[in-house]
Amino acid sequence: MNCSALLCLMLMLVQLWPCSPSTQNCSAQNTDQSFTAVQRVKCGWVREPLFATEEQTSMVPVYVGQLKSDLDKQDGNLKYILTGEGAGSIFIIDENNGKIYVTQKLDREKKPFYTLRTQAINRNTQLPVEPESEFIIKVRDVNDHEPQFLDGPYVATVPEMSPEGTSVTQVTATDGDDPSYGNSARLLYSLIQGQPYFSVEPKTGVIRMASQMDRETKDQYLVIIQAKDMVGQAGAFSATATVTINLSDINDNPPKFQQRLYYMNVSEEAPVGTTVGKVFAEDSDIGQNAAMNYFIEGDSSDVFDIITNNETQEGIILLKKRVDYESKRRYSIQAKVVNRYIDERFLKEGPFEDKTIVKINVEDADEPPVFTLENYVMEIAEAAVSGSLVGVVTARDPDNDDSPVRYSIVHGMHLQRLFSINEHNGTIITTKPLDREIASWHNITVTATETKNAEKISEANVYIQVLDVNDHAPEFPKYYETFVCENAVSGQLIQSISAVDQDDSAEGHHFYFSLAQEATNNSRFTVKDNQDNTAGIFTAKSGFRRQEQFSFYLPILILDNGTPPLTSTNTLTITVCDCDTEVNTFYCRYGAFMYAMGLSTEALVAVLACILILLVFFLAIVAIRQQRKKSPFLEKMEEFRENIVRYDDEGGGEEDTEAFDISALRTRTVMRMHKPRKKVTTEIHSLYRQSLQVGPDSTIFRQFISEKLEEANTDPSAPPYDSLQTYAFEGTGSLAGSLSSLGSNMSDVDQSYDYLTDWGPHFKQLAGMYTSHRSVGD
């Protein structure tokens, strides 16, 4: 079977699709088949779809195509059957001739194709004469959708002064039609509004700059873009989108001062840092492109300074140095402003800076007096008498009227007792002699006040140095303990000495040591000056005897190098020791002490032995008394236990009516005579048991309690038993249980009181005593 023997499907509204040449290969496998309405998929034939337009309506069935078998003799024996997507509803087939119709309107955007199956059967036998074949009906697109800008409206930003052709942004429209068929989805972009500043590429929708624009002229543009399908042909659908294009700033404008000349004033009293005035330069740019820095040019930069306020971009002129109306009354400064960030692309258009002139007038003010010096340093010798001249301070009124000045000393009343000042000429004198060794410097504060305006006051510091005078003789720096052995030989060094001087020597102290004149001829010691402010004491003879002379007093003369030189005589005490060649300092001190007390060594040993014996005896007595002494804590324990056992065992309170026989209490009042107690414990125990059988409101009970209390209070040998009323009515209703150990069949030693620790903090001390006592007893 070849393709010419097959009847191909006739298509409506489209060209006739030829049978595929590959059907020849399939024919060899299906020689018994003659139906080929569509190519068989299972044979590997190429499927060529049928077409129907999406505009076909469901009101009147529209012919789509026809299926026909070469076995159809047109005698009505064959029947055509259609199955698959939409068969019987959207698509129907004429079972007699195989013509296919569409009964509803098709929408390609909802379903672009339908897959159907067809078969031819014999009407008589109901058997298929052709195998079932599958084919596709593809819905051909028509232009029924308008373009849409899904991302609009658009906002874009481009730097100002951008060159022509600079890309700004891209707009994109979508069309629901089939882009692969016809021109229904082929869009064309055009510019409706935005000429001559912008342009748009027709096919891509890219918006570009058409000319350079200045943000300072206009910073925002509204552009309208249109998109048409069908490549803009007649009958095409269209849509528009708005694009807001903002021009971003660049630094293409220099700063400009608002004024070419500024006038300002500053008072001569103004302190450093005072704001003199402000200058301002305008910049058409914004943001950091408008940031600027101010400078002062010329020699005036040492008097005035200028800073930039980064928020307002103003230049603030500050006083850098105090001005004086009498010295200079006017200043002319040149201020310059420069852009902080400069775009090098625009440097060719000129420098991004500007200059202006600022004239500043100094205003006169009533100023306080001015001292010729801020600090004065003066000198005076410590030997000067009262009224001696120290120095002179000078101040004047800087104003034109030159008001007279009055001087005074402040900063402490004690300084005024040492110095005084002439209020008219500023002469400082002493009021009493000065001692450099007490204070070598004096700091005072002198004020100068205008006589016409007492509020105008200025101060100056005066530092007075007291110059040294050699008025102190040299002396030993400390007390020397000097010893010499009885067997010392001649020429032996026994002591090295030095000297100190309270005076201050400009060339350094130099002391000279020698024996006093009265000791030169008959001295057993000599002094050797070492020429380095020290000297050595040497023995002049051999052999010393303590019995003959215990101590020697050696007068030593010390001379300083002051002007005039001063001398002093210092006595060195030398003690003779009973020792070998080397001196034992401790032994010598001991011997000196004995000698001073007038006691011999044997007597001192006896005294010390007696003191030692008395000390041992005292310690023994103290130890014995502490062993016999009982602990206060145990005494408290015994007293506490004695009070508790007086209460006997605990009864049942008001609820207990069977424990005791209280018939004796139910009688009339029994007169009880006060008598000495023979066995207090036994008696109280019995009465306590009887009292438990009556209530607290019973007359008998109250009388019994009153008598027992009176009896206890009048008996000096009995403990205070009135505390028994605390436990008299403790019954079964108590949450704490029994607090008494009366009636216990165990001794205090055998009974465990560990449960007391569970009663809480109020019983902590009680628990500690019992547990501690039990430990001691164990």
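**Briefing: a predicted chain with 39 strands**

Leaving out residues up to four places away in sequence, alanine 120 touches Lys79, Tyr80, Pro128, Val129 and Glu130; contact means heavy atoms within 4.5 Å. The model is predicted, so local features need pLDDT of at least 70 and side-chain atom pairs count only at pLDDT 80 or more, while totals for chains, interfaces and linings use all residues. Residues are numbered from 1 along each chain as its sequence is written, and side-chain values use heavy atoms, with hydrogens and water left out.

**Chain overview**

- The chain has 8 helices and 39 strands; these are DSSP runs numbered from the N terminus, helices being H or I of at least four residues and strands E of at least two.
- Of the 778 residues in the chain, 38% are buried (buried is under 20% relative accessible area, exposed over 50%, partly exposed in between, with a 1.4 Å probe and protein chains only).
- Among contacts in the chain with a separation of 6 or more, 68% are between residues 24 or more positions apart.

**Confidence**

- Mean pLDDT for the chain is 77, and 73% of its residues reach 70 or more; pLDDT is the predictor's confidence in each residue, from 0 to 100.
- The pLDDT is below 50 over residues 662-685, a stretch that has 37 contacts in the model beyond near neighbours in sequence.
- Residues 721-733 also have pLDDT below 50, with 32 contacts in the model beyond near neighbours in sequence.

**An open sheet of four strands**

- The order in this open sheet is β16-β18-β21-β20, with antiparallel pairing; two strands pair if DSSP finds at least two bridges between them.
- β16 (256-257) and β20 (304-309) are at the edges with a single partner strand each, so one side of each has no neighbour in the sheet.
- Strand β20 is joined by 6 bridges to β21 (residues 314-319), and the two run antiparallel.
- Isoleucine 306 has isoleucine 317, in β21, as its bridge partner.
- Glutamine 313 lies in the loop between β20 and β21, has a positive phi near 60° although it is not a glycine, and counts as buried because its relative accessibility is 15%.

**Alanine 120**

- Alanine 120 is in strand β7 (residues 113-122) and counts as buried, at 0% relative accessibility.
- Lysine 68 is 52 residues from alanine 120 in sequence, and their C-alpha atoms are 8.8 Å apart.

**Glutamate 367**

- Glutamate 367 sits in the loop between β23 (353-363) and β24 (370-371).
- This glutamate is buried but has no salt bridge, and arginine 322, the nearest side chain of opposite charge, is 5.0 Å away.
- A salt bridge here is a side-chain nitrogen of Lys or Arg within 4 Å of a carboxyl oxygen of Asp or Glu; Lys and Arg count as positive, Asp and Glu as negative, and His and the chain ends are not counted.
- Leaving aside neighbours within four places in sequence, the contacts of glutamate 367 include Glu268, Glu269, Asp324, Glu326, Asp397, Asp399, Glu450 and Lys456.

**Backbone features in other loops**

- The peptide bond from glycine 152 to proline 153 is cis, with omega near -5°, and proline 153 is in the loop between β8 (133-140) and β9 (154-159).
- Another cis peptide bond runs from glutamine 195 to proline 196, with omega near 0°; proline 196 is in the loop between β11 (188-193) and β12 (198-200).
- Methionine 230, not a glycine, has a positive phi of about 55° and lies in the loop between β14 (220-228) and β15 (238-248).
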